Every structure is written in C-alpha cells, then in structure tokens.
Amino acid sequence: MKITTVEKYGENGYRMYRIPCIVCTAKGTLLACYEARHGSDWCVLDVILKRKSVGADEWSERICVADSLGRSTMNNPVLFTDGDTIHMLHCKNYRYLYYTKSTDDGLTWTKAREITDVPEALLDKYNWTVCAVGPGHGLTTSGGRLIAPMWFARNTNDINTHGPNAITTIYSDDHGETWHCGEIIYSTEEFVNPNESTLAELSDGRIMMNCRHVTKNNMRAVLISEDGSGGWSDVYFDENLPDPICQGSLAQADDGILFTNCAATMAEGRTHTTVRHSSDDGKTWDKAYEVARYGGYSDVCYDPVSKTVCAFAESGRVRENDAFSFDLVVTEFSWDEV
C-alpha cells in the first residue's frame with residue numbers, strides 16, 4: 001500500500017485543491033487531474049494534472065491543462081483512456097465545454113476545442129443556465145464509445161446556482177472527433193434533482209449510471225441503459241450504498257466494478273470515504289476499504305497489470321470561512337493488503 005499527498009491545501013500558490021479525477025493509461029502511468037482554486041466553486045481556478053510513471057515513487061511537476069489566465073473558472077476535468085490516447089473534457093465558467101487530447105501519455109495536450117454546441121442542442125428540451133461534465137473520469141466501453149455524465153441546472157433568478165437539476169450523457173463513437181448528447185433524465189418527485197453522476201460498463205455490455213440526488217433517502221440512485229445514451233431504466237436506490245448527498249465514482253476492474261463515495265448518512269455528513277468492490281454488476285458489494293475519515297469528492301481507477309486500486313480523494317477536511325479545504329491524496333492498494 002502506498003499513500004501520497006498530491007497537493008496540500010493552502011500551499012504552492014492556491015488556496016485549495018478539489019474535484020479529483022484519476023485514470024491509469026495503457027502504459028501504466030497514473031494521471032491525476034484536479035482543480036487548483038483561489039476560492040470556492042465560482043472563482044479563478046486552473047485545471048492541473050500530475051503524472052506518476054510505472055515504478056516511480058513520486059508524482060511529476062504540475063502540468064496546467066486548462067489555464068484560467070487569471071480571469072475564468074476552468075472546472076470539472078474528465079479524463080478518458082483510449083488505447084494510447086488520453087481524452088479530456090472540461091468546462092469554463094460552468095457553461096462552455098471544451099475537448100482536448102494527449103498522445104504522449106499526458107505530457108502534452110492539443111489546443112482545446114470548444115464543443116459547447118453539443119449541450120446547447122438540448123436547450124429546447126431543458127433550458128439550462130449551468131452545465132458541467134463529470135466530475136471524475138469518463139467511461140471507455142469495450143466497443144470503443146467514450147461516455148461521460150453531464151448535469152444541468154436551471155435557475156433564472158441566480159445563474160450561478162447549481163440547481164434545480166437534470167442529467168444526461170455526452171458520448172463519442174469516433175475517438176473524440178465528434179460528440180453527441182444522450183437522453184435527458186429529469187427530476188421527479190421520486191428522484192429529486194439528479195446531478196453529478198458516474199458510469200460503468202456491466203458484464204453484459206449495458207451501462208450503469210450511479211447518481212447523486214437530493215431525494216434525501218441516504219442512498220445512491222442507479223439506472224441502467226443498453227448503450228449509455230438513452231432508454232434508461234426506472235431508477236432504483238441501492239440500500240448498500242449510503243450517501244450524504246455528495247459525488248461518487250464508478251470504475252472498471254478486471255474482476256468486477258469499483259465504487260467510491262462518502263459512505264455515510266446525511267447526519268454523519270461527508271465522512272468515511274470508502275472504496276467498494278462488486279463482482280456481480282453492483283447487485284452486492286463484497287469488499288470495502290476506507291481511504292479517508294473526513295473527506296468529500298473522490299475518484300478511483302484500476303491498474304490491471306499490478307492489480308492495484310488507486311483512489312484519489314479529498315481528505316482531511318478543514319473549514320475556512322464559508323468554504324472547505326482539503327488535501328488531495330492518492331491511496332494505492334490491492335485487496336490482499338486490506
């Protein structure tokens with residue numbers, strides 16, 4: 001097991017670091033991407049990436065993959081692995097959507113291309129004032145489709161407010177050349193304000209979506225689709241996945257799927273960040289390991305060569321004025337170690 005602090009709050013030029021995203025490339029390199037903030041959600045912030053090559057003990061120096069130029073909010077990085085290519089979606093000011101890619105294992109990135117027209121094509125169905133992808137990594141299916149969750153908010157009285165909500169997915173079938181949005185999943189009385197979601201491919205090729213929502217039943221919400229773009233099943237709530245209304249993340253492993261979130265009730269708050277494993281497509285969760293006592297957002301990936309689970313989590317929550325600050329910590333472990 002190896003535990004590494006990638007960023008410590010209040011150090012190295014930024015007030016806080018949040019919104020972790022992690023993937024393992026085809027070469028076995030870990031890429032950790034996150035927001036480096038000067039304040040809370042709506043502030044000047046940059047998207048930063050660090051790399052850890054196979055056999056390396058330390059993480060690389062920072063690579064700024066979305067520079068705010070000191071005047072914008074560059075938010076919600078989502079990474080995809082696709083053979084030797086790494087794709088990234090990110091947002092600007094919770095309204096504009098961009099795409100970039102790397103063909104050298106995350107060292108350099110193409111100039112970001114704006115693709116805001118993709119979510120704007122849904123304005124006639126949901127006249128959103130805020131949109132964002134992720135958070136966390138995207139899904140590359142066994143058939144080569146790139147899919148990421150996307151959430152919308154609509155509030156004409158306060159366009160900086162992150163609710164009320166609806167969700168969809170954004171996908172590409174040509175390795176990032178073109179992108180399309182899927183079917184909108186709306187808020188209902190039974191499924192209130194679905195927002196930040198995460199995806200995994202099940203053993204039969206169907207796509208599972210696991211959702212944050214504000215129904216206030218202390219359980220994660222789950223929907224299933226044949227292809228991740230539409231035809232979603234009725235929502236059900238997983239009694240084995242408690243949640244205090246916070247982000248969570250699914251990931252593929254060679255023997256099942258992984259899930260990480262704050263495994264706590266509303267009363268307990270954002271505590272007990274836990275990685276779970278399921279060998280039966282999420283019907284049950286047969287392994288669990290806590291990676292942070294006090295936390296928030298987290299992401300997880302799997303290295304099939306070393307059989308290592310890599311959790312990237314906000315840890316050691318500290319309250320400063322009206323905002324929380326965190327260390328960003330990577331925990332690398334195998335299930336035999338815990």
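Mentor: Ser 225 counts as buried, because its relative accessibility is 1%, where buried means under 20% relative accessible area, exposed over 50% and partly exposed in between, with a 1.4 Å probe and protein chains only. The model is predicted, so local features need pLDDT of at least 70 and side-chain atom pairs count only at pLDDT 80 or more, while totals for chains, interfaces and linings use all residues. Residues are numbered from 1 along each chain as its sequence is written, and side-chain values use heavy atoms, with hydrogens and water left out.

Ser 225 lies in strand β18, which covers residues 219-225; strands (E, at least two residues) and helices (H or I, at least four) are DSSP runs, numbered from the N terminus. Setting aside neighbours within four places in sequence, Ser 225 is in contact with Arg 206, Ile 207, Gly 230, Gly 231 and Trp 232, contact meaning heavy atoms within 4.5 Å. Between Ser 225 and Ile 207 there are 5.2 Å from C-alpha to C-alpha, although the two are 18 residues apart in sequence.

As for the chain around this residue, it has one helix and 25 strands. Of its 338 residues, 59% are buried. Among contacts between residues at least 6 apart in sequence, 49% join residues at least 24 apart. The C-alpha trace spans about 50 × 45 × 45 Å along its principal axes.

Turning to the cysteines, the structure holds zero disulfides, a disulfide being a pair of cysteine sulfur atoms within 2.5 Å. Cys 21 is in none, and the nearest cysteine sulfur, that of Cys 33, is 5.8 Å away. Cys 21 is buried, with a relative accessible area of 0%. Cys 246 is likewise in no disulfide; the sulfur of Cys 262, the nearest cysteine sulfur, is 4.4 Å away. Cys 246 is also buried, at a relative accessible area of 0%.
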